[in-house]
Amino acid sequence: MAAVSMPVAERRGAAEAVARRVSAPWTAASAAPTVSLDESQVDTGAERGDAVGTVAFEGVGKVYRSAAGEVTALEGIDLAIPAGRIFGIIGRSGAGKSSLLRTINRLEQPTAGRVLVDGQDIALLDTEGLVALRRRIGMIFQHFNLLSAKSVRDNVGLPLLVAGVPRPRIRERVDEVLDLVGLSDKHRTFPSRLSGGQKQRVGIARALVHHPEILLCDEATSALDPETTISILSLLRDINRKLGLTIVLITHEMSVIREICDDVLVLESGRIAETGPVWKVFGDPRHEATRALLSPLTRDLPEDIADRLRASPFPGSETILELRYTGVDGDPDLGQLSTALGSRVRLISAAIDRIDGHAQGRLVLGVHLPPNKAKQASCASGGHLKVLGHVAGDD
Ligand SMILES: Nc1ncnc2c1ncn2[C@@H]1O[C@H](COP(=O)(O)OP(=O)(O)OP(=O)(O)O)[C@@H](O)[C@H]1O
Ligand SMILES: [Mg+2]
């Protein structure tokens with residue numbers, strides 16, 4: 001049975017992981033030493049209560065040392081990524097995102113702390129163990145990293161060939177993964193004849209050939225146009241659901257995080273600025289770095305209002321209010337608010353979205369208010385309301 005067709009529930013949990021590994025005979029003895037063992041002999045992490053596809057960072061630090069000096073890329077990272085989640089990493093350029101991601105498959109060695117995959121300290125793995133780890137962790141890249149002289153089929157099958165898998169099994173598995181990524185008709189095509197989106201699909205197929213439990217994506221959609229980005233994201237979401245694998249992805253596109261991630265980590269100068277469910281972090285960003293990253297998503301005030309905005313009220317002025325939907329503590333009660341404001345409310349702009357069932361965004365309202373009313377209304381809104389300023393009234 002191929003793991004590609006296994007539902008999420010089956011793949012989660014250590015016992016199922018055994019079944020999956022044992023049922024993938026071509027992951028060769030060298031790739032997965034557990035293959036020839038019976039279930040009672042396999043360390044699945046079940047006794048430790050670990051699920052397959054978890055990553056934990058404990059006090060992880062990374063200092064790059066070169067002739068030019070030292071660069072501290074990561075410091076004091078304590079974080080757990082649960083199995084089966086889509087976990088996004090964001091941060092300014094140079095914040096340490098790639099360094100952190102690359103510690104998961106030991107492409108980078110931390111200079112402090114530990115990285116645990118399925119509860120196992122990966123620094124302790126010997127060469128064979130490291131090879132096996134890297135087969136459990138697929139990776140895709142911004143520029144696809146395909147071999148131009150090889151066909152789609154050969155690009156995808158290469159990791160299996162290197163692992164010594166018999167050719168008929170390679171063909172079978174390549175067919176499966178190409179089918180999964182929607183490229184069944186492109187076996188013989190060479191990368192130069194593929195679109196960017198198709199190349200990334202090949203990259204994804206190649207990353208899946210070893211039935212990984214974790215997929216790492218470093219800016220996987222950054223080289224793609226918006227439409228292709230959406231199709232690749234929905235493929236990743238599909239793969240996450242169908243195969244139950246954990247996806248850790250770096251992106252500079254906040255919309256990517258909003259679209260498919262369950263959780264997000266914001267890195268700032270190598271440290272954790274904040275982390276949590278996307279709806280919470282995006283709805284109520286606590287750190288300046290998060291707010292700066294999100295600013296393209298939070299629409300500014302309309303120009304005609306912004307130009308005329310004054311800090312203090314003046315005779316006949318209209319108060320401009322911002323009503324925030326953070327997804328935390330429920331949605332603001334518009335009826336109660338309108339009663340508290342006690343006068344005609346004008347809607348100036350609105351940008352409300354829903355993430356994971358939580359309303360996020362803001363309304364900008366104009367209202368003629370006696371000075372003390374704004375405060376009352378703010379209380380009535382449960383702190384969701386803020387006075388932005390005052391403009392000359394329209395009437
Ligand atoms: N091999 C290396 N040698 C020395 N310094 C490095 C090395 N790799 C990364 N750095 C430095 O470590 C810091 C973090 O780099 P990293 O590539 O992890 O950032 P990033 O958040 O992925 O940035 P970007 O968004 O630009 O890809 C940066 O200051 C970078 O210059
Ligand atoms: Mg990077």
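Residues are numbered from 1 along each chain as its sequence is written, and chains are lettered from A and ligands numbered from 1 in the order in which they are written. Because the model is predicted, local features need pLDDT of at least 70 and side-chain atom pairs count only at pLDDT 80 or more, whereas totals for chains, interfaces and linings use all residues.

Helices (H or I, at least four residues) and strands (E, at least two) are DSSP runs, numbered from the N terminus. Helix α7, which comprises residues 196–208, has 13 residues and reaches 19 Å from its first C-alpha to its last, close to the 18 Å expected at 1.5 Å a residue, the expected span being 1.5 Å times one less than the number of residues. A residue is termed buried if 20 or more other C-beta atoms, placed from the backbone, lie within 10 Å of its own, exposed if 12 or fewer do, and partly exposed in between. Since 10 of the 13 residues of α7 are buried, this helix is largely enclosed by the rest of the structure. The buried residues of α7 pack against β6, α5 (152–162), α6 (167–180), β7 and α8 (226–243), where contact requires C-beta atoms, placed from the backbone, to lie within 7 Å.

The axes of α7 and α8, like those of other helix pairs, are lines fitted to C-alpha atoms over the stretch in contact, and angles run from 0 to 180 degrees between N-to-C directions. These two axes come within 10 Å and cross at roughly 20°, which makes α7 roughly parallel to α8; angles under 35 degrees count as roughly parallel, over 145 as roughly antiparallel, 65 to 115 as roughly perpendicular and the rest as oblique. The axes of α5 and α7 come within 7 Å and cross at roughly 30°, so α5 is roughly parallel to α7. Here Val152, Asn155, Val156 and Pro159 in α5 meet Val202, Ala205 and Arg206 in α7.

Two loop residues other than glycine have positive phi values. Arg106, in the loop between α3 (97–103) and β4 (112–117), has phi near 60° and counts as partly exposed, with 18 C-beta neighbours inside 10 Å. Asp118, in the loop between β4 and β5 (120–121), has phi near 50°, and this residue is buried, with 23 other C-beta atoms within 10 Å.

Definitions and conventions. Two residues are in contact if their C-beta atoms, placed from the backbone, lie within 7 Å.
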